[in-house]
Amino acid sequence: MSWGTELWDQFENLDKHTQWGIDFLERYAKFVKERLEIEQNYAKQLRNLVKKYCPKRSKDEEPRFTSCLSFYSILNELNDYAGQREVVAEEMAHKVYGELMRYGQDLKAERKHHLQEGRKAQQYLDHCWKQMDNSKRKFERECKEAEKSQVTYERLDNDINATKSEVEKAKAQFYLRTHMADESKNEYAAQLQNFNAEQWKHFNNSIPNIFKNLQDMDERRTVKLGETYRSFAEAERRVVPIISKCLEGMVSAAKAVDERRDSAIVVESFKSGFEPPGDFPFEDFSQNLSRTGLDGSISNTPKGDRDRDGVPGPRSDPKHPMSRTKNKLWLFGKKPKAPSLEDFSHLPPEQRRKRLQQRIDELNKELQKEMDQRDALNKMKDVYEKNPQMGDPNSLQPKISETICNMEKLRSEIHKNETWLSEVEGKQSSRGDRRHSADNHHHTPQGRESPEGSYTDDTNQEHHTPHHRTSPPQPGHPNPDPHEFDDEFDDDDPLPVIGHCKALYSFDGQNEGTLVMKEDEVLYIIEEDKGDGWTRARKQSGEEGYVPTSYVEITMEKNSKGAVTYI
């Protein structure tokens, strides 16, 4: 249906309608702008939220629990989801809002042009009408004047008293007015014909064309709105697959939570490698009292360990945690923080093994990088040697030398750490075998180990006297390999004496590398306890071997360096 034929007389209403259409388009554009601002703010808030809850620690310090990893995966997916919201906002900004604003400006200019043409056509028609109306009014006036002059002429012609000159004058006036009336009539007829032609042209050509252009403009505006509505929806629908993948990733992260794996990680993270203490032995106080009375001998036990009545006090249980030095267990207090050492010897065996293995892996990676760099430099040097115009091969030699030096340093570090790792793994294996052997022969609590997997390593103790014990606790078997002690004892130069000890209990020394001793026997200390519950000693006869640290009362020489006492 055409506006030109149906609405030929509705120019003002069409003016208002087209203005309303542009206003509506601008209103929709404003809506899109506010909508994309919401998306931008939403995406920004999501990114800030993700940043707030993302771990700020290094990768080495990040927890490895599946629940934590799944949460971090959800944060990553949420970050991607925020990125898709930004994509939606960007699509709306460029393909919807920006397009609407540009089209709105073009629409305003086009409407203005069409309305100006319509007003010009209307003005021209009004001008033709005024000319026709003026000629019509002139013709009317001339006809009236001609009628008056005719009446005057007829009156004077019939008046017998009028002179001939008056009659002739009236007649001439009548003829003049009649002639002017005829001319006005012809002019009016011409103007009327011209106006009718212009009016027909106006309402059949000019206005229909102008209104058709306005109609096309308005329909294009409507089509553009429909297209932007579709683009508005497409901006959302285009990211739906990616958003679905983000949500699927969150669901997958939720399914990846494994409580058993997390429990295993807890064990792996905090396992010390020590074994729990054994059973408490029976303390036969009556036997001790009976032997003291029969022998009538005076014990060499320090005075502080005797009762006030002169009777020797009972020896404390060497297995009981509270009978040892306070530095060994921290049952009710906070464990003091040990200094961090290069070989991680301040850590429990299992944790030390993990840290050493981790460091070795990192050093191997660095070594591989240096090797790759060396190979690349050598290849470049070969290229320079074959093509001197590309560069001087001697300029690469300092860098190659530096790389080789770095490789040697890394290899040295790796070897040093591998030595420490072998030592840890050997001790763990030895400890397990010793305990297994001791469990088969004796009731052997771990003389050095504590429920927290800690042990005393106090280098400031130069002299320490332990409490007397009533039952002979014994550490695990000191050596799974019967030839290990033989190798150690094959040294040409004997080890220097760093202290002496007194046997608190008898020890049969059934295993290879151990030393038989009797109660109250005095031995020389030649090697301190290294944390496995055994001390290396030498008899006065020169025989050497290992004895349980908890079986002896140790006194270190004050001039010995690095002496350590375990009780």
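This briefing describes selected strands, helices and residues of one structure.

The model is predicted: local features need pLDDT of at least 70 and side-chain atom pairs count only at pLDDT 80 or more, while totals for chains, interfaces and linings use all residues. Residues are numbered from 1 along each chain as its sequence is written, and side-chain values use heavy atoms, with hydrogens and water left out. Five strands form an open sheet in the order S4-S3-S2-S1-S5, with antiparallel pairing. Helices H3 and H5 are roughly antiparallel to each other.

**The sheet**

- Helices (H or I, at least four residues) and strands (E, at least two) are DSSP runs, numbered from the N terminus, and two strands pair if DSSP finds at least two bridges between them.
- S4 and strand S5 (552–556) stand at the edges of the sheet; each has a single partner strand, so one side of each is left without a neighbour in the sheet.
- On average, neighbouring strands of this sheet are turned by 40 degrees against each other, direction ignored.
- Strand S1 (residues 499–503) runs antiparallel to S2 and is joined to S2 by four bridges; His500 has Tyr524 in S2 as its bridge partner.

- Strand S3 (residues 534–538) is mostly covered, with five of its five residues buried; buried means under 20% relative accessible area, exposed over 50%, and partly exposed in between (1.4 Å probe, protein chains only).
- Trp534, Arg536 and Arg538 point one way from S3, Thr535 and Ala537 point the other way, and all are buried.
- Strand S2 (residues 522–527) pairs with S3 in the antiparallel sense over three bridges, and the bridge partner of Glu527 in S3 is Arg536.
- The hairpin of S2 and S3 has six residues between the strands, and Gly531 there takes a positive phi near 105 degrees.
- S3 and strand S4 (residues 544–548) run antiparallel and are joined by five bridges, with Arg538 opposite Glu544 in S4.
- The hairpin of S3 and S4 has five residues between the strands, and Gly542 in its turn has a positive phi of about 100 degrees.

**Helices H3 and H5**

- The axes of helix H3 (residues 66–158) and helix H5 (residues 240–255) come within 9 Å and cross at roughly 170 degrees; axes are lines fitted to C-alpha atoms, for helices over the stretch in contact, and angles run from 0 to 180 degrees between N-to-C directions.
- H3 is therefore roughly antiparallel to H5, a class that covers angles over 145 degrees, whereas those under 35 count as roughly parallel, 65 to 115 as roughly perpendicular and the rest as oblique.
- Residues making the contact include Ile74, Leu78 and Tyr81 of H3 and Ile243, Cys246 and Met250 of H5; contact means heavy atoms within 4.5 Å.

**Individual residues**

- His202 is found in helix H4 (residues 164–237) and is buried, with a relative accessible area of 3%.
- Not counting residues up to four places away in sequence, His202 touches Ala121, Gln122, Leu125, Ile207 and Pro208.
- Gly83 lies in helix H3 and counts as buried at 13% relative accessibility.
- Gly83 and Leu46 are 37 residues apart in sequence and 9.2 Å apart in space, C-alpha to C-alpha.
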